[in-house]
Amino acid sequence: MIDKILYLVLMLIVYFCNVINNLKLSKKNIILAIESSCDDTAAAILSGRKVLSNCIANQNLIHRAYGGVVPELASRAHQSKIIPVVSQALSKANIDKKELTAIAYTQGPGLLGSLLVGSTFAKSLAIALNIPLIPINHMNGHLLVHFIKDKKINPPVFPFLGVTLSGGHTQLVLVKKHFEMELIGSTIDDAIGEAFDKCGKKLGLSYPAGSQIDKLAKVGNSKRFPFPISNLNGYNVSYSGIKTAFINFIYKQKDPNFISENLNDLCASLQYTLIQIILNKIEKVAKDYRIDQIVIGGGVAANSEIRNQLEVYAKSNGWKIFLPPLHYTTDNAAMIGIAGYYKLKQKNYGTVSESAQARLKL
Ligand code: KG4
Ligand code: ZN
């Protein structure tokens, strides 16, 4: 009898040891990711491809009074927020910093002062913990977000057309592998998000105006005010023409109540034009390159109308469309973490002597 009890206890001990070992194993490849390229201080913890926490302290209230991001204020806010945000990401993920395998951070492109805060913090912590440091291109992150392990995400298959629509960039990219991205076309002047924000400012909307325009446009008539739809030769796009046309149109109005009485229609007409410019170009690239997987990333990918229109275009062109969940559209650190995961797998590490780069190319 005692033999049997001892045997049972032994089996139980073996079983619990296995459970603890498995838990330890599943916690391998724990990455702390830091994103500070513009006006969001963000930190995330990933275990492999799975996001354990994704924390963001945005600075919208700080910049709102100026109608756009003030670089010096952004760097100062990053300085005061980086430690609390990283601590929050660790505690939400229930991970101690000693359990980290590597630290991924945004090397560029972005505002230099903002990038310096995140990169310096990442370097210092990596030195202190004696773990690898992984620099990430922010634009890689916006597209690789589709490889996060999540029930709502269905990863695309290489090669695909990546379309990054953000406040600072508008890019059409041929993605051959995780880090083999060929820029096919981009904006030659303003980014699509910048056009949303600057036109919104003229309508009296607070910064960033994109999501407010999206909301107001839902009950507006998109055909009421026709604005020019630029169509450059080749694969580049331009947004400064529509921005200037829109701002001049507003200036020309004599009625002081014009904006308030037509706000919904103005937003709907502007949004229709901004979206049409990029949809036309996506259609051209997809046709010329014979690509049928279209992968969208960046803050403007949160726009409800562009999401609807892409589904409509996908049906008529036979495309498969990949839209990120809303919380992975605007800047976040999970996207830096997933890019970091693939570099970690390749043992593609950076060094502390690599500096942040405001104009980092793909
Ligand atoms: O990717 P992101 O967070 O930052 C950059 O890397 O630039 O993008 C921010 C941009 C802003 O211009 C903001 O107005 C725009 O994304 N945005 C939207 C929406 N939500 C955010 N634009 C249109 N519709 C939205 N729902
Ligand atoms: Zn971005």
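These legends go with close-up views of a predicted model. Residues are numbered from 1 along each chain as its sequence is written, while chains are lettered from A and ligands numbered from 1 in the order in which they are written. Local features need pLDDT of at least 70 and side-chain atom pairs count only at pLDDT 80 or more, but totals for chains, interfaces and linings use all residues.

**View 1. Where domain 1 meets domain 2.** The chain splits into domain 1 (25-145 + 331-345) and domain 2 (154-323), with bounds from an automatic or database domain assignment. Their C-alpha centres sit 27 Å apart. Domain 1 puts 14 residues into the contact and domain 2 puts in 20 (contact: C-beta atoms, placed from the backbone, within 7 Å). On the domain 1 side, α5 (138-144) and α2 (60-64) each give two or more residues, and α5 has the largest share, with 5. Helices here are DSSP runs of H or I, at least four residues, and strands are runs of E, at least two, numbered from the N terminus.

**View 2. Strand β2, residues 40-47, is largely enclosed.** Here 8 of the 8 residues are buried (20 or more other C-beta atoms within 10 Å of their own, all placed from the backbone). Asp40, Ala42, Ala44 and Leu46 point one way, and Thr41, Ala43, Ile45 and Ser47 the other. In a regular strand, side chains alternate between the two faces of the sheet.

**View 3. The partners of β2.** Strands pair if DSSP finds at least two bridges between them. β1 (residues 30-35) runs antiparallel to β2 with 6 bridges, and Ile34 faces Ala43. This hairpin has 4 residues between its strands. β3 (residues 50-58) is also antiparallel to β2, over 8 bridges, with Asp40 opposite Asn58.

Conventions:
Two residues are in contact if their C-beta atoms, placed from the backbone, lie within 7 Å. A residue is buried if 20 or more other C-beta atoms lie within 10 Å of its own, exposed if 12 or fewer, and partly exposed in between; C-beta atoms are placed from the backbone.
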